[in-house]
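Let's take a friendly walk through the aromatic rings of this protein and one of its helices. Have a look at the model first, and then we can go through it together.

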Amino acid sequence: MSPLQTSDRRPIVISGPSGVGKGTLCQKLINSYPDIFAFTVSHTTRGLRPGEVEGVSYYFVSPSSFQSLVSQSGFVEHAVFSGHNYGTSKQNISDLTARGLIPVLDIDVQGVQQIKSNPCIDARYVFIKPPSLGALEERLRGRGTEKEEAIQKRLAQANIELEYADIPGFFDMVIVNDDLEEAYKKFVEFASGP
Ligand code: ADP
Ligand code: 5GP
């Protein structure tokens, strides 16, 4: 992989509806440039999906452990998504930054809003859009990780999330993830800075 010139070292926040391909795009970026970018590992109260690894995919914690970190002001942001708590710990961001890595946060729009209104980090924001709601549903189902009820909740939430993509200036860039390679190229351009 050719070296990447990064002109902007601020954390990257990626958001967009569940199933749109955020994880796929981030994984490609981090696999290609492991010395530059690293995933923040969020805390969540949801259960492990097949293939997920504790401390790699998420820190899977109980609701009381999550609340305890909230009360210690341990999160940069946190939100309830589809009935479960999710949050990005301050510790995680500072560990990655101390290692010289650019943190990549995959978070929902509530989290984006919180960071923007209480900026304890200076970040850049990209939104990933599906080519259509039909394609999003197909991807969510194709991933095969959620039960029907969870799929329905995520699709309902997608309509709300998509409205944020149209707010002028809310995101620095909106990328339509139709063809994966094309979307990835745009994501790398964004990640490397202006
Ligand atoms: P998210 O992290 O946004 O919830 P994922 O990265 O898990 O989404 O992607 C959801 C599913 O869609 C996965 O099965 C993934 O392989 C697939 N996918 C991602 N990007 C594309 C694309 N451009 N075209 C078709 N399928 C895609
Ligand atoms: P999933 O359960 O599919 O892994 O994630 C569901 C949603 O939660 C996704 O939209 C993802 O971006 C979001 N999410 C994951 N981690 C965090 C986090 O730390 N904070 C917030 N606000 N959202 C998160």
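Is Phe-170 buried or exposed? With a relative accessible area of 12%, Phe-170 is buried (buried is under 20% relative accessible area, exposed over 50%, partly exposed in between, with a 1.4 Å probe and protein chains only).

## About the model

This is a predicted model, in which local features need pLDDT of at least 70 and side-chain atom pairs count only at pLDDT 80 or more, while totals for chains, interfaces and linings use all residues. Residues are numbered from 1 along each chain as its sequence is written, chains are lettered from A and ligands numbered from 1 in the order in which they are written, and side-chain values use heavy atoms, leaving out hydrogens and water.

## Aromatic pairs

There are eight aromatic pairs in the structure (rings of Phe, Tyr and Trp, the last by its six-membered ring, with centres within 6.5 Å; planes under 30 degrees apart are stacked, over 60 edge-to-face, the rest tilted). Phe-66 and Phe-75 have ring centres 4.7 Å apart and planes at 25 degrees, so this pair is stacked. Phe-170 and Phe-171 make an edge-to-face pair, at 5.2 Å centre to centre and 75 degrees between the planes. Phe-171 is buried too, at 8% relative accessibility.

## Helix α4

Helix α4 spans residues 109–117, and its buried residues are Val-109, Gly-111, Val-112 and Ile-115 (helices are DSSP runs of H or I, at least four residues, and strands runs of E, at least two, numbered from the N terminus). They fall within an arc of 155 degrees seen down the axis of α4, so they line one face of the helix (the arc is that of the directions from the helix axis to the C-beta atoms).
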